[in-house]
Amino acid sequence: GVKGGSWTVLQLVEALGSCLENTDPRTRGRGIQLLSQVLLQCYSLLQEKEVLHLVLFYENRLQDHHLVIPSVLQGLRALSMCDVLSPGLAVSVLKAIFQEVHVQSLLQLDRHTVYSIITNFMGTREEELKGLGADFTFGFIQVMDGEKDPRNLLVAFQIVRDLIAKNYTLGPFVEELFEVTSCYFPIDFSPPPNDPHGIQREDLILSLRAVLASTPQFAEFLLPLLIEKMDSDLQSAKLDSLQTLTACCAIYGQKELQEFLPSLWSSLRREVFQTASEKVEAECLATLHALSACLSRSVLSSDTEDLLDSFLSSILQDCRHHLCEPDMKLVWPSAKLLQAAAGASLRAYHRVTSNVLPLLLEQYTKHPQSSQRRTILEMLLGFLELQQKWGHMEEDESSLLSLRAPVCSVVFSALSDPSVQLQLVGIRALTVLGSLQGFLSPSNLELVVDHLIHLALREEDSQSSEAAMEAAGSLAPIYPDVFSGRMVPRLEEELQSEREEESCSLQQRCLQALAAVSTHTSIVRETVPVLLQRLRKVQKGSEARNARDVVSVCQSLHRVALQCQQDAEGCWYYHQAVVPCLLAMALQAAMQESTHPLLGKALLEEEVLAAMVPVISAATTHLSPELAAQSVSHIVPLFLDGEVSFLPQNSFPCSFQPFEDGECLEAQRRLVALLMAFVCSLPRSVAIPQQDRLLRELLALSCSCNCPFTATTAAKCFAGLVNKHQAGQQLDEILQLAVNRMEPGLAEGPRRTQALTLLLWVTKALVLRYHPLSTRLTDKLLDLLGDMELGPAAADGFSLLMAESPDVLHKGCHADVRIMFRQRFFTDNVPKLVQGFHAAGPDVKANYLKGLSHVLNHLPKPVLVTELPTLLSLLLEALSCSDCVVQLSTLSCLQPLLLEAPQIMSLHVDTLVTKFLSLTSSPTMAVRIAALRCAHALTSLPTTVLLPYKARVIRALAKPLDDKKRLVRKEAVAARGEWFLLGSPGR
Amino acid sequence: GPGSGAPLENANPLIYRRSGERPVTAREEDDELPDSIDDREIFDISVFLNPVHLIRSINDPEHPLTLEELNVVEQVRVKVNDAESTVAVEFTPTIPHCSMATLIGLSIKVKLIRSLPERFKLDVHITPGTHASEHAVNKQLADKERVAAALENSHLLEVVNQCLSARS
């Protein structure tokens, strides 16, 4: 009634009159409760005058019987939300509450109501409340004193934060306010199980921290508390203290910290020196960093002491001497403390490094052993890395620049040390020095490049060699001229020097180094011609070595392509330089093959073509659509019509007709792999000329070709294009055509395998994009699982459908891939697989299990764990299947399930133990390993379930301890060890 | 943990680098070729022990130094002969009066008993000249019955098992 306007509140009050004045407190309570409920519904409709009367009424009622109070508070809460509350009323309500109500003897909900009233008033009547001065603060302190409920604490902490943040007068009550909140520190609360309120310990910790670290006024009370709690036995208390201190440093200054710095430092030092917990160490270091930053920030007046300076002096005094003992435990904690302090500001950095760097340089010379030098250089490196933060160095004040000569000499000595570990640190140091602008002089730089060349090519250890190449790659963009002028020619020279067999690995290293250093456009323009020249040279000839060499060059070219993808200009240069050149070379080889079939050509071998595919693909994926269109207008006519004019060498002995029939064109047809690499990597927006004709040719080739490599490649190329093809009639037609060719091919005849390959790739293309036809094709594939001849291949095909293929139909080459396709495929097809399995004859049952295990294996783990229990009985059956692929994938499905759903798995413990133990003697090593891992994972089931099996398992696991393969023994040791501990004291 | 509060036995001990995970070779991945049990394999098993309960200066259970970092077990002091089925492990207590020497030896021994094929004959002893009561400890470790009796003691078994629990 009141809500609708037909009743006024006064009428309601009058109607309730007898009830509100009843002498029985229960009846009065019910009356007030009703009134309060009404007010909560329609406080926004009240008139100013009504509010005034109601407030007076309710204030008065606060003195009433305790049974009535909860309803009174509800009413006041409703009124505290009224916009039309007259000035002065808020203060009067609060005063009445502070005076009349002993809040902490109320129930949780009623206390919460009081906090809500205060919060509401603070939100809308800030000025009036501030008029109360420190009385308000004092009133609130009394309200929250003794609060125990986490829900209320969250609200109360928020009120304290607002008191401070909005500058309410704290007056003489700072310490009381601190006491009433800090008594909860450190938070020791764990939510009850099944807590419906969802308050986490972390919520309380953060909320309290925000209070404690909200004002420097608390510093004198808080800092001693934090110092005390840092020494706590509880790690959580330590961490909380450290994090709170770090938060305080953001608002404190010298004044607050001064008195406590010696104790803070000694606590931090004690923790870092003693703890082996990385968490505690990391927090201590973060806190020290914050302290140093805080002291660095403070403005110095002329008459005060520079606290930063004296603080850093004490750190140096306590840590410095440990740096001279590179074999002792405290060397690293000391170095980390110094680095944490130094990293806070440029001033701190100079103060610390001017002292420490000369010491480290001296220590390096004093300690002759490689392992000691490595530790010292690693520490030096840590300080050099900090310098990177400050960017460029200024000549006059940089302590580092004055140490250029000794630093370089130490780093160079590490690079020529026989210890690989020391070399590796030296290389990292070199990378850092190079990134400091202006640190390395031109003559230093030449020496750097010489060292890198030497390590990259001559160092026996591959780690050092690789690290040197990486370093060259990261320094090259900073000094492109030095690297293209000094390193590239040296590499080219080494590559051409024809030394015999032994230099084979040198050649490899040269190729890798050329690729690694190609991280700047100007260098790419130097290295790509060298690599292509090399390719021309090694492709002549048919020996296995030639093929291997071509593959190596292709790998280097691929790496260069990846490195210049992000740079539009470099990418186009690369595409134009490399793609036509590769095509021309391959064409040349294919035509020579057509005329002289006996000269086997390295370039035409499957592994070589397969190595060229990623090069062309990487050179294409990042092209802009305009440039890609330009390129596609050359390459498609090349394959469809033999248009060779755009190729660099374009005089060929015969014409290029890869889609024509004829025995002698076999070699030309293999080059469809290169077409696939290009055309399937184009951005989706690029139109492909004569696409329909191209698709028909590819389809025909995939069905009719006898060479499996060519047929598969054609099928993949077809699928890659179909996946990106715009939906519509044209696509439907070409798909219909494909189905028409596939179905008879699958039914019978000599090319059933080719037809299956085509089916698999087209299905994949359509499954990825959720095309409606994919269901029909998948059903076809499911049918084939029952086929005696094609069944096993169809089963393996499920792996192809689910896995990411490396060359086509993945996101990187702009394929249309829906993110949830695997889950969708699972939901649609697993029931059919299960059904098929039950209906199938004994000869082909394994095919269904294999298909199923491929699908499960590619499913994301969390999905797997939720879905697996329904398939459990089937999986247990699959463990008895003799196919080792099925065994392996079933074991790898079961292992996470054992860890994450131990309750469900406990029901089958008998079967699991028996099967796992029997598979530990499988002839296949991978199965033995997986079975032992499962036997190990079994130990996460409840101990009582396992104990009856303990003796049997331990006995059975003795056998794989003597397995002939080390990797199996390792798993057996781990599994058996865990089983021994089951139910033993001390586990 | 043990030792907290009390003065540390050695707050700044010498430490040694971990040798890192053993890299898997192509040969090891080959299903057919057998791999013999070698020194490194036994070393890896021995250093897997969780030394929290053995070395008193380490008082944080989360990231203890390993027996390798403390140089208690070194690969050069592990000798295996797969063909003759013998394993000998020498261990070096952190200080000559280390009160935990027997327990360290016992833990290594139990770990090896549980991890090696039965055909092996085990010999676990202190590196000569590195402990005050070297002979007494060695004698105890070599005596099968005394080892068995020690493991009947549930308190001792508890400590040994704690050392044998996975480290992480």
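How much space lies in the largest cavity? In this predicted model, the figure is about 60 Å³. The count comes to six cavities of 30 Å³ or more. By class, the lining holds four nonpolar residues, three polar residues and three charged residues.Chain A is divided into five listed domains: domain 1 (1-86), domain 2 (87-190), domain 3 (518-689), domain 4 (695-859) and domain 5 (876-986). The centres of domain 1 and domain 4 of chain A, taken over C-alpha atoms, are separated by 73 Å.

Backbone geometry was examined next. The peptide bond that runs from Phe185(A) to Pro186(A) is cis. Its omega is near -10 degrees. Pro186(A) sits in a loop of chain A, between helix H10 (174-182) and helix H11 (201-212).

Positive phi values occur at two residues described here, Asn167(A) and Tyr770(A). Asn167(A) is not a glycine, yet its phi is about 60 degrees. Its place is the loop of chain A between helix H9 (150-165) and H10. Is Asn167(A) buried or exposed? Its relative accessibility is 62%, so Asn167(A) counts as exposed. The cut-off for that class is over 50%.

Tyr770(A) is likewise a residue other than glycine, with phi near 55 degrees. The loop that holds Tyr770(A) lies between helix H38 (752-768) and helix H39 (773-784) of chain A.

Gln754(A) lies in helix H38. With a relative accessible area of 13%, Gln754(A) is buried; the class requires a value under 20%. Which residues is Gln754(A) in contact with, leaving aside its neighbours within four places in sequence? They are Ser702(A), Cys705(A), Asn706(A) and Ala711(A).

Gln317(A) belongs to helix H17 (residues 307-319) of chain A. Its relative accessible area is 61%, so Gln317(A) is exposed. Gln317(A) and Ile199(A) are 118 residues apart in sequence. In space, 46 Å lies between them, C-alpha to C-alpha.

Chain B was described as a whole. How many helices and strands does chain B have? There are six helices and three strands. Along the sequence, these follow the pattern α-α-β-β-α-β-α-α-α. Chain B has 168 residues, and buried residues make up 48% of them. Among contacts in chain B with a separation of 6 or more, 68% come from residues 24 or more positions apart. The chain exposes about 8300 Å². Carbon and sulfur atoms supply 53% of that area.

Conventions. Residues numbered from 1 in each chain as written. Chains lettered and ligands numbered in written order. Predicted model: local features only at pLDDT ≥ 70, side-chain atom pairs only at ≥ 80, totals over all residues. Heavy atoms only, no water. Helix = DSSP H or I, 4+ residues; strand = E, 2+ residues; numbered from the N terminus. Buried < 20%, exposed > 50% of the residue type's maximum accessible area, 1.4 Å probe, protein only. 1 Å grid on protein atoms, 1.4 Å probe; cavity = no way out; pocket = protein on both sides within 12 Å on 5 of 7 lines; lining within 4 Å. Points joined across faces, edges and corners; volume = space filled by probe spheres on them. Nonpolar A, V, L, I, M, F, W, Y, C, P; charged D, E, K, R; others polar. Contact = heavy atoms within 4.5 Å. Areas by Shrake-Rupley, 256 points an atom, 1.4 Å probe, with all protein chains shown as cover. Domains from an automatic or database assignment.
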